[in-house]
Amino acid sequence: MTALTIPGLDQAPTTHERLLSWVREVAELTTPDQVVWCDGSQQEWQRMTDRLVEAGTFTRLAKKPNSFYAASDPSDVARVEERTYICSAEEKDAGVTNNWMDPNEMKATMTELYRGCMRGRTMYVIPFCMGPLDAEPPKLGVEITDSEYVVVSMHIMTRMGAKVLERLGAAGDFVPALHSVGAPLEPGQQDVPWPCNDIKYITHFPEERMIWSFGSGYGGNALLGKKCYSLRIASAMARDEGWLAEHMLILKLISPEEKVYYVAAAFPSACGKTNLAMLQPTIPGWRVETLGDDIAWMRFGEDGRLYAVNPEAGFFGVAPGTNWNTNPNAMRTIEQGNSLFTNVALTDDADVWWEDMEGEPQHLTDWKGRDWTPDNGENAAHPNSRYCTPMSQCPILAPEWDDPKGVPISAILFGGRRKTTVPLVNEAFDWQHGVFMGATLSSEKTAAAAGKVGDVRRDPMAMLPFIGYNVGDYFQHWVNVGKSADAAKLPRIFYVNWFRRGEDKRFLWPGFGENSRVLKWIVDRLEGNAAAADTAIGRVPTADELDLGGLDTPKADVDEALKVDVEEWKAELPLIEEWFDTVGDSLPSSMRDELVALKQRLGH
Ligand code: GTP
Ligand code: MN
Ligand code: MN
């Protein structure tokens with residue numbers, strides 16, 4: 001290959017040979033106009049946001065300092081699970097829940113897509129770190145992208161720039177993550193505000209710890225430190241190294257006696273992680289502080305307890321439904337500015353708005369750029385519109401959020417969105433039973449549809465789209481993690497459901513801040529101060545065992561929310577069986593044993 005001279009390529013602020021040769025190789029393949037090494041500085045942010053405003057991608061907000069609105073191409077609004085691949089060497093290692101292609105075949109296909117794909121654009125090199133920079137070892141990555149939107153988002157969501165290159169040194173390890181929107185520009189061609197390509201690939205090479213993404217500019221597809229690195233690639237690392245990379249929030253609960261408990265919780269997308277992470281307790285004397293709202297990396301500490309770290313530095317939260325009542329702490333975080341808002345609606349005075357936010361705007365520009373009035377019948381913001389905001393602005397951020405040691409987890413919660421069957425809270429008999437609860441976790445696609453069992457899908461540990469290897473092997477890894485530890489020091493496992501409904505379809509449990517009552521019961525269980533009945537499915541409290549002081553909800557509703565209906569659970573069994581059959585040969589025998597035991601307890 002002839003050596004190309006691309007401006008910026010030789011101005012690398014590093015001597016790291018593997019990094020230099022990879023950057024050169026990508027530049028020669030994708031042929032950008034110039035290469036820029038990102039330093040993560042305030043000046044860089046300024047330069048990039050100015051450029052995005054000029055390009056029409058960003059609208060500067062008048063009401064929030066240093067904040068911007070962006071609307072994506074209407075076809076590029078969410079993660080694309082059907083275009084997401086785990087390209088392990090062997091197909092069986094990707095398993096039945098992932099798309100797979102032979103890695104060499106995928107590389108050949110994508111190399112042709114990447115050829116010349118950055119023509120007319122700038123190629124940015126973003127050194128980033130997931131988790132604290134002073135972790136030992138730090139989890140480093142380098143994303144190459146041709147999207148300024150990605151650079152600016154990475155400023156918020158990760159630790160990035162010069163300090164990361166310094167930590168990488170001349171020979172440190174890193175995950176290479178290549179991203180292109182796949183929209184080369186011919187000389188003189190006018191760019192569009194949101195370049196992307198109809199052909200999309202979000203590809204992971206787990207053995208090589210490498211990520212290739214093409215065609216999308218959207219969050220989870222393009223910010224490769226998040227789902228791609230911190231869940232899919234990290235879950236494969238975690239399997240090999242004996243730790244856990246999970247789709248979990250991390251919160252700190254402080255009792256009136258100032259005793260501290262750390263809780264991690266896995267709920268599927270749009271099922272309340274960000275809400276619970278920033279919970280404002282309604283019961284007197286209790287406080288919550290936030291450590292993370294989406295991802296937890298958990299490994300055993302020297303004392304034998306499981307410690308969690310949040311690899312991210314920002315929140316990428318679902319906007320619709322967020323308001324001063326449901327999540328006041330999220331509102332306080334974004335109010336301070338320094339935030340990006342994608343696919344929300346724009347008010348006439350250049351602020352953002354979305355469904356269920358306070359205020360009754362009479363006119364908006366909707367996420368597709370059209371005029372919107374209250375009678376127009378459509379949502380003004382896309383249902384998956386997001387705010388992207390620095391964690392450091394969260395008023396209830398736990399001071400230890402950045403501690404590389406992490407925080408010792410006392411309880412793990414699994415939860416989904418179920419109208420029926422699943423009680424408000426249920427404690428596992430032991431770790432393996434808890435793994436079974438996670439492995440069979442289920443959730444409804446939307447709350448709007450009527451309650452048919454067919455609406456329910458299994459979303460194991462809320463990780464269905466994020467497990468970077470075979471799902472059966474993943475269950476076995478969870479079982480092994482429990483076996484490797486001192487049982488008394490393991491977090492206790494609970495299953496929660498904030499979404500059970502009464503006959504008239506209303507929620508039986510008020511949720512949000514009132515979920516602190518459930519957290520309190522969980523803490524009382526840990527302390528041996530609360531009773532629970534052994535039911536067929538686990539240990540469930542009666543309404544009398546929950547602190548319901550000052551709660552408006554009728555006690556009959558709480559009873560109903562806590563009910564374990566044996567007939568409903570018998571109807572659940574074939575669904576679990578069907579799921580386990582799908583998992584197939586790799587399903588651990590211990591999970592089959594748990595299913596048999598559940599059947600016996602149900603008298604089935
Ligand atoms: P990702 O960020 O996509 O991983 O999802 P998430 O789990 O963070 O979801 P998020 O917290 O943004 O969930 C928001 C949805 O859950 C909104 O529709 C909320 O109204 C709803 N929600 C959250 N907590 C509760 C609750 O306690 N009760 C009820 N009924 N709804 C809730
Ligand atoms: Mn979230
Ligand atoms: Mn998520």
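Helices (H or I, at least four residues) and strands (E, at least two) are DSSP runs, numbered from the N terminus.

I note that this is a predicted model, where local features need pLDDT of at least 70, side-chain atom pairs count only at pLDDT 80 or more, and totals for chains, interfaces and linings use all residues. Residues are numbered from 1 along each chain as its sequence is written, chains are lettered from A and ligands numbered from 1 in the order in which they are written, and side-chain values use heavy atoms, leaving out hydrogens and water.

**Entry: the hairpin**

I looked at β12 and β13, which form a hairpin with five residues between them. Glu258, in the turn, has a positive phi of about 70°. The two strands pair in the antiparallel sense over six bridges, and Lys252 has Tyr262 in β13 as its bridge partner. What does Tyr262 meet in β24? Its bridge partner there is Ile409; β13 and β24 (residues 407-415) pair in the parallel sense over five bridges. I also checked cover: six of the seven residues of β13 (residues 260-266) are buried (under 20% relative accessible area; exposed is over 50%, partly exposed in between, with a 1.4 Å probe and protein chains only).

**Entry: the manganese site**

Which residues are the protein donors of the manganese ion (ligand 3)? I found Lys227 (NZ), His247 (NE2) and Asp294 (OD), lying 2.2 to 2.3 Å from the ion. Donors here are N, O and S atoms within 2.8 Å of the metal (3.2 Å for Na, K and Ca), and water is not among the atoms, so sites may look incomplete. Along the chain the donor spacing is K-x19-H-x46-D. Lys227 sits in helix α7 (residues 225-241), and His247 in the loop between β11 (244-246) and β12 (249-254). Lys227 is buried at a relative accessible area of 5%, and His247 is buried at 1%. The manganese ion (ligand 2) is 5.2 Å from the manganese ion (ligand 3).

**Entry: cysteines**

I counted disulfides, taking a pair of cysteine sulfur atoms within 2.5 Å as one, and the count is zero.

**Entry: salt bridges**

My rule was a side-chain nitrogen of Lys or Arg within 4 Å of a carboxyl oxygen of Asp or Glu, and the count comes to 45 salt bridges. One of them joins Asp191 to Arg121, with the closest N and O atoms 2.9 Å apart. Asp191 lies in the loop between β8 (175-180) and β9 (201-205), and Arg121 in the loop between α3 (103-114) and β5 (122-130), so the pair ties together parts that are 70 residues apart in sequence. Asp191 is partly exposed at 28% relative accessible area, while Arg121 is buried at 7%.

Next I checked Glu572 and Arg458, whose closest N and O atoms are 2.8 Å apart. Glu572 is in helix α14 (residues 566-583) and Arg458 in strand β27 (residues 456-458), 114 residues apart. Both are buried. Salt bridges with shared partners join Arg418, Lys419, Glu444, Arg458 and Glu572 into one network.

Methods:
Two strands pair if DSSP finds at least two bridges between them.
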